[in-house]
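Here are my notes for someone opening this structure for the first time. Please read them with the viewer open.

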Amino acid sequence: MSAVEAKLAELGLTLPEVVPPLAAYQAAVQSGPYVYTSGQLPMLGGKLPVTGKVGAEVTPDEAKELARTCALNALAAVKSVAGDLDRIARVVKVVGFVASAADFTGQPGVINGASELLGEVLGDKGVHARSAVGVAVLPLDAPVEVEIQVELVQP
């Protein structure tokens, strides 16, 4: 077990299976020392646990937890390409999308769920640049979607 996966276990988390793509793309690709993930939905066991807009059908706290799930799914996608999460030198960028009710402006707090998870799991390697964007709708009516870019240590 890698050190990163041991940390996940210590936090009571397990790395899920990679979520299969919903269309014509890959879950993650590597270019040089970087791995870019596609947007990861908060899928659990192949299903969205909650759908709807944050600030309407979904509370900000629920959405923050869903963003944590997105980050876990993104780590699984990284592992599928890198082979070992211990190869992560650092998380470079996180982009989070929040399907928002018209008057909801708390997107940064929602995406903190992903950012905080990456920090808990990776420590200083999890510190990153970030965008948190409110959108009208996401695939499958998901409340949140997260993509990450990581730099790998070369073997």
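Predicted model: local features only at pLDDT ≥ 70, side-chain atom pairs only at ≥ 80, totals over all residues.

1. Fold. The protein has three helices and five strands. Read from the N terminus, the order is α-β-β-α-β-α-β-β. The radius of gyration is 15 Å, close to the 15 Å that the globule rule gives for 155 residues, so the protein is as compact as a globular protein of that length. The C-alpha trace spans about 45 × 30 × 25 Å along its principal axes.

2. Surface and burial. Of the 155 residues, 45% count as buried.

3. Charges. There are 11 positive and 17 negative charges. Their mean positions lie 4 Å apart.

4. Main core. The largest nonpolar core holds 38 residues. Leu 75, Val 144 and Ile 148 have the most contacts inside this core. At least two residues each come from helix H1 (3–10), helix H2 (60–82), strand S3 (88–99), helix H3 (107–122) and strand S5 (144–152). Which element gives the largest share? H2 does, with 11 residues.

5. Val 144. Neighbours up to four places away in sequence are left out here. Among the residues Val 144 then touches are Gln 40, Leu 41 and Pro 42. Its contacts also include Ala 63, Leu 66, Ala 67 and Cys 70. Phe 97, Val 98, Val 110, Ile 111 and Leu 138 complete the list.

6. Second core. A separate core of seven residues is also present. Its members include Met 43, Leu 48, Leu 138 and Ala 142. Leu 138 is also one of the residues in contact with Val 144.

7. Met 43. Where does Met 43 sit? Its place is in the loop between strand S2 (34–37) and H2. Why does Met 43 count as buried? Its relative accessibility is 10%, and buried means under 20%. Beyond four places in sequence, Met 43 is in contact with Val 19, Leu 48, Thr 69, Asn 73 and Leu 140. Glu 62 is 19 residues away from Met 43 along the chain, and their C-alpha atoms are separated by 14 Å.

Definitions and conventions: Residues numbered from 1 in each chain as written. Heavy atoms only, no water. Helix = DSSP H or I, 4+ residues; strand = E, 2+ residues; numbered from the N terminus. Rg over C-alpha atoms; globule rule 2.2 N^0.38 Å. Buried < 20%, exposed > 50% of the residue type's maximum accessible area, 1.4 Å probe, protein only. Lys, Arg positive; Asp, Glu negative; His and termini not counted. Charge placed at Lys NZ, Arg CZ, Asp CG, Glu CD. Core = buried A, V, L, I, M, F, W, Y, C linked by side-chain atoms within 4.5 Å. Contact = heavy atoms within 4.5 Å.
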